[in-house]
Amino acid sequence: MTSMAGIVLALVLLMALAYRGVSVLVLAPLCALLAVLFSPDAPLFASYTQVFMKALGGFVIAFFPLFLLGAVFGKLMEASGAALAIAQAIVRWLGAQQAVLAIVAACAVLTYGGVSLFVVAFAVFPIAAALFREAQIPKRLIPATIALGAFTFTMTALPGTPAIQNAIPMPFFGTTPFASPGLGLIGGAVMLGFGWWWLSRRAAAARRAGEGYGAEEVAPAQSDAAAADAPPAMPFGMAIAPVVLVIALNYLLSTWLWPALDTSYLAEARFGATSVQAVRGIWAVIGALGAAIVLLTVLWWLAERARRGQGIALKTVLEEGAGASVMPLMNTASQVGFGAVIASLAGFALIRDAVLGIAPGNPLVSMSIAINILAGITGSASGGMSIALQTLGATWLEMGRAAGIAPDLLHRVTAIATGGLDALPHNGAVITLLGICKLTHRQSYLDIFVVAVAVPVLALVSVVTLGSLFGSF
């Protein structure tokens, strides 16, 4: 019981201090070691060097290419003007009368194509501000609108998304990014449909009340200066090509190319004694993002030639993109290390048994609850998922096999489960989004909660129910 008390205390401190802005890089090892102090049978330094650091390093080894390539691709999309071109085109097609749907669609296309949600928020906010002002929709609804398009169905539900939340389950279950596509589409439709309904209802109510856009946070002169600094937009056809390539190549590599090749060499000890089933998903995302980066670089070079090289240098973009990948990677890896230490303590056995005791014949329920809680505690979808899979992934896989549940279904439920309680107020993406929009939690968090927490949980319940009744499809 002492060990369990230490685990609870460590989790509470991690959540409370992360909410106050303390770096997870500092918090994760300190909170892990605090939990160890409550477990007399766990040696302090061995828990740090042999458990925490080993788990942290293993996560970096497995997922560093995805973080690096994703960040570089996103920075290239931003600096080249491709992200801006896609967003502007969607807004033109749908028009001000569908302002909410236009911004959601712009965010969804960009994030489904592999652009970082932070890049999307920066690129889309100025467009959303102009569109909402024209449509007389309150500015306070912009964060929730961006969150619906970038933080929900394209992050966890849609089959093939290159988001890290869709990649982390692949090595554990031997699946691909397109696991359980039918249920993924249903879950995504629930998130989009109910989220759009909520925001449209809120916008209509504000319009009836005569609320308008609201007070300006940025002077027009500052807005004009920011617009002048933005990169010129690419032609839409050029801008969308790398996004299409990511989606198409991801599918072709994971479904057709890697399984068709002779990869028997993977069984050798020097390659980890593994199989192509365990690595094809990650290989596919790496190949798709790598090819898209090459294509985008060529397209950008052509555009720069046409405008006589007045944009930012490619070397600078690559350096900034690579640098932007380090902090998210290390934050998540530190959370994985924290989870590994917690899982090594005696008190964790009580927690594990309690979670597995929920609907023992159906691991979909226990994993949904455990992953959601851990994502909420850590304020991170990928961090909560990684902790859960590191500690209970093998157990859930065995339970799934015993219950006749396909690994593809386990993958999709795992991914969707990360996108619920992760968006609580202390989530880093929520805080960053509100900062970009220059709004507070008090002004905008209610709508973020509905579209990024409540609605994804509803989608998760729908997918678990359908998966339990009909299996994976």
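The structure holds nine aromatic pairs. One of them, Tyr48 with Phe52, is stacked, with 5.6 Å from centre to centre and 15° between the planes. The model is a predicted one.

**Aromatic pairs within helices**

- Helix α3 (residues 44-80) contains both Tyr48 and Phe52, which are four residues apart, about one turn of the helix.
- Tyr48 is partly exposed at 31% relative accessibility, whereas Phe52 is buried at 3%.
- Tyr445 is buried, with a relative accessibility of 11%, while Phe449 is partly exposed at 33%.

**Other ring contacts**

- Phe59, Phe63 and Phe67 are joined into a cluster by ring pairs.
- Arg133 is placed over the face of Tyr213, 4.9 Å from the ring centre.

**Helix α13**

- The 25 residues of α13 (residues 236-260) should span 36 Å at 1.5 Å a residue, and the distance of 35 Å between the end C-alpha atoms agrees with this.
- A kink of about 45° in α13 is centred on Leu253.
- Leu253 is itself buried, and other buried residues of α13 include Pro242, Asn250 and Trp258.

**Ser200**

- Ser200 belongs to helix α11 (residues 181-208) and is partly exposed, with a relative accessible area of 31%.
- A polar atom of the Ser200 side chain lies 2.9 Å from the backbone oxygen of Trp196.
- The C-alpha atom of Ser200 is 9.9 Å from that of Leu141, although 59 residues separate the two along the chain.

Key
Residues numbered from 1 in each chain as written. Predicted model: local features only at pLDDT ≥ 70, side-chain atom pairs only at ≥ 80, totals over all residues. Heavy atoms only, no water. Helix = DSSP H or I, 4+ residues; strand = E, 2+ residues; numbered from the N terminus. Expected span 1.5 Å × (residues − 1). Bend = angle between axes of the 7 residues up to and from the residue. Buried < 20%, exposed > 50% of the residue type's maximum accessible area, 1.4 Å probe, protein only. Polar contact = N/O pair within 3.5 Å; in protein donor to acceptor, adjacent residues only side chain to side chain. Phe/Tyr/Trp six-rings, centres within 6.5 Å; stacked < 30°, edge-to-face > 60°. Lys NZ or Arg CZ within 6 Å of the ring centre and 35° of its normal.
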